[in-house]
Amino acid sequence: MNLDAMLDAAPLYVDGVVTTLELLAVSLLLGLFIAVPLGVARASSKVWLSRPVWLYTYVMRGTPMLVQLFLIYYGVAQFESVRESVLWPWLSSAWFCAVLAFTLNTAAYTAEIIAGAINAIPYGEVEAANSLGMSRWSVLSRILLPSALRRALPTYSNEVIFMLHGTSLASVVTVMDLTGAARQMYSRTYLPFEAFIVAGALYMLLTFMLVGLFHLAERRWLLHLVPRKSTPTVAAIPL
């Protein structure tokens, strides 16, 4: 193992980690912003609300993220109307196309997670809110969404990890993320093991950090759902 080559490429990997975290943070933030109203609509009993969201999530979850990225980055560019529109400076940017693809993908998965969490809320909580005369918006904003977002934390943590690993696809469209940094080191040194073992170790480190943060969040916001241990009772011994 060539340690000198790995140390020389350290600045390249640092830039790659920063780019990866930027892609992840922006995609997750925008995806969550889109997923919350979509999740509410998906959990609705009204067909005209839930069916379009179901179709969107079905298509996005049923196709590979790499295909979605290629369609946005390469496919849209073939239309002359797009190249002449005001959106072309954005759609011609590899970084923007990667963020757009990741956002649309994670929004679909997160919407289903939120919808499932809403459906898992005991109806007694809604009945209690209705008995207090709360409006539908108050029930949604004060009861359903806060409770659903808390319950969705364990599942959403898996989605965040999947998205972290999915950002490695950005290097396919020339974005210099962590995987792109490994590829560039390999092209310079012809040392594939050293190049990608460093990338794998950094991905693992980022994964452990995210898992730790979500564990702390779960302890903070899901403590009320943890079943309390019953205190064993000692039988009275007749004297």
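Is valine 47 buried or exposed? The close-up views below, taken from a predicted model, begin with this residue.

**View 1. Valine 47 in helix α3.** Valine 47 belongs to helix α3, which covers residues 47–62. Its relative accessible area is 54%, and because a residue counts as exposed when this value is over 50%, valine 47 is exposed. Between valine 47 and glycine 180 there are 44 Å in space, C-alpha to C-alpha, and the two residues are 133 residues apart in sequence.

**View 2. Helix α2 and its kink at alanine 35.** Helix α2 is made of 33 residues, running over residues 10–42, and at 1.5 Å a residue a helix of this kind should span 48 Å, which agrees with the 45 Å that separate its end C-alpha atoms. Within α2, a kink of about 30 degrees lies at alanine 35, shortly before proline 37.

**View 3. Threonine 110 and its contacts.** Threonine 110 is found in helix α7, which covers residues 94–119. Its relative accessibility is 2%, and because buried means under 20%, threonine 110 counts as buried. When its neighbours within four places in sequence are left aside, threonine 110 is in contact with Leu32, Ala35, Tyr156 and Glu159; of these, alanine 35 is also where the kink in α2 lies.

**View 4. Confidence, and the stretch of residues 233–239.** For the protein, the mean pLDDT is 89, and 93% of its residues reach 70 or more. Over residues 233–239, however, the pLDDT is below 50, and this stretch has zero contacts in the model beyond near neighbours in sequence.

Conventions:
Residues are numbered from 1 along each chain as its sequence is written. This is a predicted model: local features need pLDDT of at least 70, side-chain atom pairs count only at pLDDT 80 or more; totals for chains, interfaces and linings use all residues. Side-chain values use heavy atoms; hydrogens and water are left out. Helices (H or I, at least four residues) and strands (E, at least two) are DSSP runs, numbered from the N terminus. The expected span of a helix is 1.5 Å times one less than its number of residues. The bend at a residue is the angle between axes fitted to the seven residues ending there and the seven starting there. Buried means under 20% relative accessible area, exposed over 50%, partly exposed in between (1.4 Å probe, protein chains only). Contact means heavy atoms within 4.5 Å. pLDDT is the predictor's confidence in each residue, from 0 to 100.
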